[in-house]
Amino acid sequence: MSAGLVPSAIEEHYGHEPAVVSGHRNDGKTRCLREKLGAHVESDPDFWSFASLRHSRSGNHALFQYPAMMVPELQGALLDDLLAADSGASVVYDPFAGSGTVLLESLYRGLGFLGADINPLAVLLCDVKANPPTEDEADKAVTAIVDYARRGAKMIVPVFPGVDKWFKPEIKQGLGQLKAAIVAQADRRVRRFMWVCLAETIRLISNSRTSTFKLHTYPADVIAKRETDAVASFESVTRRNVNNLTCHWKRMASVRTTPFIEVTRQSILSRHQPQQLADILMTSPPYGDNRTTVPYGQYSYLALSWIDGNDIPGGVDPKLLEFTAAIDSASLGGSSRGADSARGDLANASPALERFIGLINDAPVLRRKVLAFARDYKAALTATARGLKNGAFCFFTLGERRVDKKSFPLVLVTEEFLAEQGHEKVDLIERTLPGSHKRLAPKNSEGATMGREFILVTRLWKESGDDQAER
Ligand SMILES: C[S@@+](CC[C@H](N)C(=O)[O-])C[C@H]1O[C@@H](n2cnc3c(N)ncnc32)[C@H](O)[C@@H]1O
């Protein structure tokens, strides 16, 4: 166990600390980072829970409520510790970029950023967070858009499955007027910002419950009493987001050189090679297949059906919107086909996974889901290494969900997969989730997480000849 840290969950669960690497290098940078991380808990044992920040996202971190967002201050503290240990690190990689939490914290520290996500809404969010309009531009545009929409001269209403199920007629009309008004804006940066505001409006005023990530309608009597004025809701969301821009631009004033930022819409499994290699990996991969844990795609479906795909960086593959779960099916663990035949290889790489599969062996559907996720997850970890320099520091934020009422040991499985790929374990931070309020699929005991989260810190040592650059 590392100095100053709470007892590792691994020890609690399994009674031992697994070996993560063959051949520790443990150089000065690694030692320094370990000390920095440990020092926080020496002065405040609860440091990593960031409990006081539970409801306080601000600036561009607060433009849209994406599921399972990381705590910006926590990732920022990790970056600060890493930079104190390794001042030469300059490029961060997040292959599961989501709403862009790591992107923004990297930007605020002048670090270059490479990111990707399979979800087009996530890529739009990242783009808007990195390249927002000024407050003045956004302020003028919201006035113009609301005026245009109120005049009601033009409407653009998309046709997609379930449009009348998810939107009342008056909401559909208001959104159609807003869409026409946003399309009429000349500046693409402004339009993209407005699409994010429209997405947040849709989240709040569609007929789908805001209390779950899954699409799930309110009862008819509740729908009848809900908001009827889409334009007013959009204006209130957008004015609040203009204030968030003010906070963002204040923070940007201290960033001396604007670093490069590149976020692409792609699956980590697509074998794309990033333009350059990163010094730092900071990411939070999905904890299981999207359908039974967090359905990011389903959550984004309504907004993506309204947003003009031409304004989404990289566009939107129409296949991803063919049905509400299409993005989730294309995500890690989305297809169970052939999963059982991967079991042998996976068992060799991770005895912890094999032990877990033994516990659910008699539940074939669950077994195949877990194996499919593990197969894709292992491939994703291998693909991620291709984007990293030799000696890169890696921070994985991980949680352990329940499958068949048993806790799936994602941390240990990750450690074992990473060990096979040459990672050295630097630390394991355990944090209690304030209020343990991360929401998952409703009425779904398969998805319920434990009330804690882990940050696994490793260092990647590639086999010589694996790639060019060393840190
Ligand atoms: C835990 S979320 C990341 C949240 C992010 N850290 C934040 O603070 O907003 C995981 C992300 O992985 C993405 N994802 C799932 N499967 C993927 C795949 N095969 N390739 C790339 N991204 C994927 C999901 O769309 C989701 O945005």
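The following legends describe close-up views of a predicted model.

**Figure 1. Residues around the ligand.** The ligand is surrounded by 22 residues. Phe-96, Gly-98, Ser-99, Thr-101 and Ser-331 are the closest. Sorted by type, the shell holds 14 nonpolar residues, seven polar residues and one charged residue.

**Figure 2. Strand 4 and its two partners.** Strand 4 covers residues 278-283, and six of its six residues are buried. Strand 1 (residues 91-94) pairs with strand 4 in the parallel sense, over two bridges. Here Tyr-93 has Leu-281 of strand 4 as its bridge partner. Strand 4 also runs parallel to strand 5 (residues 388-403), and five bridges join them. Met-282 stands opposite Phe-395 of strand 5. In a regular strand, side chains alternate between the two faces of the sheet.

**Figure 3. The buried side of helix 15.** Helix 15 is formed by residues 351-359, and its buried residues are Ala-352, Leu-353 and Phe-356. These residues lie on the same side of helix 15 because they cover an arc of only 100° around the axis. An α-helix has 3.6 residues a turn, so residues three or four places apart point the same way. The buried residues of helix 15 pack against helix 14 (343-349), helix 16 (364-385) and helix 17 (410-420).

**Figure 4. Helix 8 and what covers it.** Helix 8 (residues 169-183) has 15 residues. From its first C-alpha to its last, helix 8 reaches 21 Å, close to the 21 Å expected at 1.5 Å a residue. Its buried residues are Ile-171, Gly-174, Leu-175, Gly-176, Gln-177, Leu-178, Lys-179, Ala-181 and Ile-182. The elements that cover these buried residues include helix 6 (135-151), helix 9 (188-205), helix 11 (230-252) and helix 12 (296-306).

**Figure 5. Two loop residues with a positive phi.** Most residues other than glycine have a negative phi. Ala-68 is not a glycine, yet has a positive phi of about 50°. Ala-68 lies in the loop between helix 2 (28-43) and helix 3 (72-85). Lys-405, also not a glycine, has a positive phi of about 65°. Lys-405 is found in the loop between strand 5 and strand 6 (406-407).

How values were computed: Residues are numbered from 1 along each chain as its sequence is written. This is a predicted model: local features need pLDDT of at least 70, side-chain atom pairs count only at pLDDT 80 or more; totals for chains, interfaces and linings use all residues. A residue is near a molecule or strand if its C-beta atom, placed from the backbone, lies within 6 Å of it. Ala, Val, Leu, Ile, Met, Phe, Trp, Tyr, Cys and Pro count as nonpolar, Asp, Glu, Lys and Arg as charged, and the others, Gly among them, as polar. A residue is buried if 20 or more other C-beta atoms lie within 10 Å of its own, exposed if 12 or fewer, and partly exposed in between; C-beta atoms are placed from the backbone. Helices (H or I, at least four residues) and strands (E, at least two) are DSSP runs, numbered from the N terminus. The arc is that of the directions from the helix axis to the C-beta atoms. Two residues are in contact if their C-beta atoms, placed from the backbone, lie within 7 Å. Two strands pair if DSSP finds at least two bridges between them. The expected span of a helix is 1.5 Å times one less than its number of residues.
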